[in-house]
Amino acid sequence: TALNQTSGTINYINNRFVILAASSTYATITNGVFASGSISVSSNWSSATYYNGNYYIVTASGGSLAVGTSLANLTVTASVFGTSSMLSIERVNGIFLAGGTNGVLYSSVDGSGWSLITTGFTASIYDIAYSSSSGYLFATTSGLYYSSDLVTFTLSAVTASLRQVTV
């Protein structure tokens, strides 16, 4: 079985690699074993995380959020994030954070009720991480932003366009 796509993302979640292709196709690699399938609703899925028995996946168009116990059985809610193109979702420091184009950032404690956070920047947020020593970290098209409180956001000395941040 092959996953024939030209774009997509890869996340390591729930003890496996999860590859989201540009359409409704996904693949998993667990202990070297490859499997593929289709997400129940076709969309341009961009990022995924896993928490408390559920997958959470955001879309790069239309502001949709998909949630479910398996990748093949997801419930999609349209316009959770308005019409924003969401590029990342992570569960960090006890909360969900979802980032998108134009500095759009949402937070949620439970993965269902979401609140918009004003970042004050317009760079696209491609990845989110948290470190107890550095706070919240955001890989963006303008570089690495950080925040200790999700109120004040500061651009670090790293000003190259970034797609990933790992702690």
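Reply: Happy to. Two strands pair if DSSP finds at least two bridges between them. The strands themselves (E, at least two residues) are DSSP runs, numbered from the N terminus. This is a predicted model, where local features need pLDDT of at least 70, side-chain atom pairs count only at pLDDT 80 or more, and totals for chains, interfaces and linings use all residues. Residues are numbered from 1 along each chain as its sequence is written, and side-chain values use heavy atoms, with hydrogens and water left out.

Let's settle on strand 11, residues 105–108. Leu 105 and Ser 107 point one way, while Tyr 106 and Ser 108 point the other way.

Now the neighbours. Strand 10 (residues 95–100) pairs with strand 11 in the antiparallel sense, over four bridges. Look for Ala 98, whose bridge partner in strand 11 is Tyr 106. The two strands make a hairpin with four residues between them, and Asn 102 in that turn has a positive phi of about 60°.

Strand 11 also runs antiparallel to strand 12 (residues 115–117), joined by three bridges. In this pairing, Leu 105 has Ile 117 of strand 12 as its bridge partner. Again there's a hairpin, this time with six residues between the strands, and Gly 111 in the turn has a positive phi of about 85°.

Speaking of phi, most residues other than glycine have a negative value. Ser 79 isn't a glycine, yet its phi is positive, about 60°. You'll find Ser 79 in the loop between strand 8 (73–77) and strand 9 (86–92), and at 46% relative accessibility it counts as partly exposed. Leu 150 is another non-glycine residue with a positive phi, near 60°. Leu 150 sits in the loop between strand 15 (143–147) and strand 16 (154–155), and its 12% relative accessibility makes it count as buried.

Those last two strands belong to an open sheet of four, in the order 13-14-15-16, with antiparallel pairing. Strand 13 (125–131) and strand 16 stand at the edges with a single partner strand each, so one side of each has no neighbour in the sheet. Two bridges join strand 15 to strand 16, and Tyr 145 stands opposite Leu 155 in strand 16.

Terms used. Buried means under 20% relative accessible area, exposed over 50%, partly exposed in between (1.4 Å probe, protein chains only).
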